[in-house]
Amino acid sequence: MADNKTIACNLTLEDIESLAETLDKNKLERIKIKNGDSEIIIEAKRKCPPPPHHMPPDMPPHMPPMSPPPMNAPMNSFAPAPEAAAPAVKEEKISGNVVKAPIVGTYYSAPSPDKAPFVKVGDTVKKGDVIMIIESMKLMNEVQSDFDGTVKKILVNNGQTVEYDQPIMIIE
């Protein structure tokens, strides 16, 4: 082997560690990769979970048992009180083109922690320029601008989890 970090199937040690993390994160028992005569199997050693405590059906484990209502109490008197209305969130008027997350994942403003961000507020971008990365399932997905213009606002922080179709950036 020319590179002491290269292992069977042309995987690096980092690749294998990433697969092991995926195995653990997704509670998988085993991953098998085969390439010609080379094969690698990553297996998880899992302990059996302890048996659950006996709880009455439909009772969350963190809730103490309730005593039954008095016989003369109306049935609806034990209904949960309606929650107080949340204060209205003042929506900011957004003008310009909104760039939304194409997938669920983690937003990264730069190609790596030691590199400059793809764009900053005030930068001019052209359609097709890479403006961010969204990491999803250990894959780094470059997101390109669909618009020409100037970055007016970045709505999320570097490293923040984003949802599908969540506004990320405004370009005017």
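Colleague: Quick one on Thr 106: does it count as buried or exposed?
Modeller: Buried, at 17% relative accessibility. The cut-offs are under 20% relative accessible area for buried, over 50% for exposed and partly exposed in between, with a 1.4 Å probe and protein chains only. Before we go on, this is a predicted model: local features need pLDDT of at least 70, side-chain atom pairs count only at pLDDT 80 or more, and totals for chains, interfaces and linings use all residues. Residues are numbered from 1 along each chain as its sequence is written, and side-chain values use heavy atoms, with hydrogens and water left out.

Colleague: OK. Where is the place of Thr 106?
Modeller: In strand β6, residues 105–108. Strands (E, at least two residues) and helices (H or I, at least four) are DSSP runs, numbered from the N terminus.

Colleague: And which residues does Thr 106 touch, not counting those up to four places away in sequence?
Modeller: Ile 133, Ile 134 and Glu 135, plus Gly 159, Gln 160 and Thr 161. Contact here means heavy atoms within 4.5 Å.

Colleague: Zooming out, how many helices and strands does the protein have?
Modeller: One helix and 12 strands. From the N terminus the elements run β-β-α-β-β-β-β-β-β-β-β-β-β.

Colleague: What share of the residues counts as buried?
Modeller: 18% of the 172 residues. As for contacts between residues at least 6 apart in sequence, 51% of them join residues at least 24 apart.

Colleague: Sheets next. In what order do the four strands of the open sheet come?
Modeller: β5-β12-β10-β7, with antiparallel pairing. Two strands pair if DSSP finds at least two bridges between them.

Colleague: Which strands stand at the edges?
Modeller: β5 (97–100) and β7 (124–125). Each has a single partner strand, so one side of each has no neighbour in the sheet.

Colleague: How many bridges join β7 to β10?
Modeller: Two, and the strands run antiparallel; β10 covers residues 149–154. Val 125 has Gly 149 as its bridge partner in β10.

Colleague: Switching to charges: how many salt bridges turn up in the whole structure?
Modeller: Three. The criterion is a side-chain nitrogen of Lys or Arg within 4 Å of a carboxyl oxygen of Asp or Glu. One of them joins the side chains of Glu 21 and Lys 138, at 3.0 Å from N to O. Glu 21 is in helix α1 (residues 13–25) and Lys 138 in the loop between β8 (130–136) and β9 (139–144), so the pair ties together parts 117 residues apart in sequence.

Colleague: Is Glu 21 buried or partly exposed?
Modeller: Partly exposed, at 45% relative accessibility. Lys 138 is partly exposed too, at 41%.

Colleague: What does Lys 152 form a salt bridge with?
Modeller: Glu 172, with the closest N and O atoms 3.6 Å apart. That pair links distant parts of the chain: Lys 152 is in strand β10 and Glu 172 in the segment after β12, 20 residues apart.

Colleague: Then which side chain does Lys 120 meet in a salt bridge?
Modeller: Asp 123, at 3.9 Å from N to O. Lys 120 is partly exposed, with a relative accessible area of 46%, and Asp 123 is partly exposed at 24%.

Colleague: Last one: where is Glu 163?
Modeller: In the loop between β11 (161–162) and β12 (167–171). Glu 163 is 63 residues from Lys 100 in sequence and 9.1 Å from Lys 100 in space, C-alpha to C-alpha. Leaving aside neighbours within four places in sequence, Glu 163 is in contact with Ala 101, Ile 103 and Val 104.
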